[in-house]
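Colleague: I have a new chain to look at and would like to go through it step by step. Can you take my questions one at a time?

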Amino acid sequence: MIDRGAILCIIDGMTDEEFDILQLPHLYSAMRRGAYGSFRTVPGGFAPESYPCIASLLGIPGHELPRRARGYLEAIGEGIAVAKDDLILRGSWMRVDCGGRICGVSERAPSFSPPEQVSYYSLGGYKAVLILTGTASLDTPVTVPPYAAIGKLVEDILPIGNEVLQKVAHQSLMQDTVLLPWGESALCALPPFRFRAAAIAAAPIVKGLCRAMDIAVHTDPEFTADTDTDLSLKTEQALALVRVNPITILHIEGADEAAHRRNSGQKRAFLRKVDDEVIARLCGSGCTVLFCSDHGTSPATGEHLGGAQPFVLVGTDRKGDLGLLPASAATELLKDTVANRFG
């Protein structure tokens, strides 16, 4: 038995209005000698977010995806216990300018005491999880995700239809920050991944999604889900896990976070670092590797972008332009490697 499976490397938020693969020489070289194309990653009826886009890359059809799962998945990604009647939300600390408009994500989470009906869990940085015990009605709260709130007045993007969530936002509003609740969800089930797999990730949404799909999650304190993550260690772990798992999922988050901060230079520098420390090493490993983006993220606006997302496949007999494919084709492109080595 050949001792290696395949690696699915997801570079979160890689693309934007100025993205050019020529700026990533190792990825461009891989494209020239391997296969390439684009994936349709956003399922019908969903916004371009990591949850539905990555779930689609992992082979879940859009009609099988729970519409409201974001907060729940982030909670289980961080090991936060939830009950079937809980209303679970993500929270994002956002910066507010002197005119009362949302102008980006906050660099930090201020000290915050929520209303007594709410359990508050900081996930580090600007991220949090909010749980309203025993109130799992998904019909009443209408929330605005942070990437859609940029440039809007705080008063225009507060939750609608839930007095407790409105109280959370009002209590959190300080001179230049506000906690924006969004991603309302309840306990739900996702179909299991079709292969035995391992995932290397730090982002709570990715850890939660993988755990919900029965994918073993590997993380490390050096993995930060931002531009300061240890890329070399992540790559080493991927190359170790691919020897014992049919598919290893390597998720890299920093480009998305830099773009949310509207820092174009930081995003470009991080992608070059990914090219040098991750892509070059994986391409030289002899493994089958599929590199792709889940969605775009604009450093000009801080917003997520839909549209076709590029992929590059190395280590197989496939060559040239494979065209525009559904996201579910990601695992199909790796299936032969998996079947031959672990079948």
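Colleague: Which residues in helix 3 are buried?

Modeller: This is a predicted model. Helix 3 covers residues 70-77, and eight of its eight residues are buried. Buried here means under 20% relative accessible area. The residues are Arg70, Gly71, Tyr72, Leu73, Glu74, Ala75, Ile76 and Gly77.

Colleague: What covers the buried residues of helix 3?

Modeller: Both helices and strands take part. The helices include helix 2 (50-57) and helix 5 (204-212). The strands include strand 3 (87-96), strand 5 (118-124), strand 6 (127-132) and strand 7 (177-185).

Colleague: Which side chain meets arginine 70 and glutamate 74 in one network of salt bridges?

Modeller: Start with the pair itself. Glutamate 74 and arginine 70 are both buried, and their side chains meet in a salt bridge at 2.7 Å, N to O. They are four residues apart in helix 3, so about one helical turn separates them. Shared partners then join Arg70 and Glu74 into one network with Glu49 and Arg90.

Colleague: Aspartate 275 is buried yet has no salt bridge. Which side chain of opposite charge is nearest?

Modeller: Aspartate 275 lies in helix 8 (residues 264-283). A salt bridge needs a distance within 4 Å. The nearest side chain of opposite charge is 8.6 Å away, and belongs to arginine 272.

Colleague: Which residue has its backbone nitrogen 2.9 Å from a polar atom of the aspartate 275 side chain?

Modeller: Check the contacts of aspartate 275. Leaving out residues up to four places away in sequence, aspartate 275 touches Leu24, Pro25, His26, Leu27 and Ala280. The backbone nitrogen at 2.9 Å belongs to leucine 27.

Colleague: What is the radius of gyration of the protein chain?

Modeller: The chain has nine helices and 15 strands. The globule rule gives 20 Å for 343 residues, and the chain comes close to that, so it is as compact as a globular protein of that length. Its radius of gyration is 20 Å.

Key:
Residues are numbered from 1 along each chain as its sequence is written. This is a predicted model: local features need pLDDT of at least 70, side-chain atom pairs count only at pLDDT 80 or more; totals for chains, interfaces and linings use all residues. Side-chain values use heavy atoms; hydrogens and water are left out. Helices (H or I, at least four residues) and strands (E, at least two) are DSSP runs, numbered from the N terminus. Buried means under 20% relative accessible area, exposed over 50%, partly exposed in between (1.4 Å probe, protein chains only). Lys and Arg count as positive and Asp and Glu as negative; His and the chain ends are not counted. A polar contact is a pair of N or O atoms within 3.5 Å; within protein, one must be able to donate a hydrogen and the other to accept it, and residues adjacent in sequence count only if both atoms are side-chain atoms. Contact means heavy atoms within 4.5 Å. The radius of gyration is taken over C-alpha atoms; the globule rule is 2.2 Å times the number of residues to the power 0.38.
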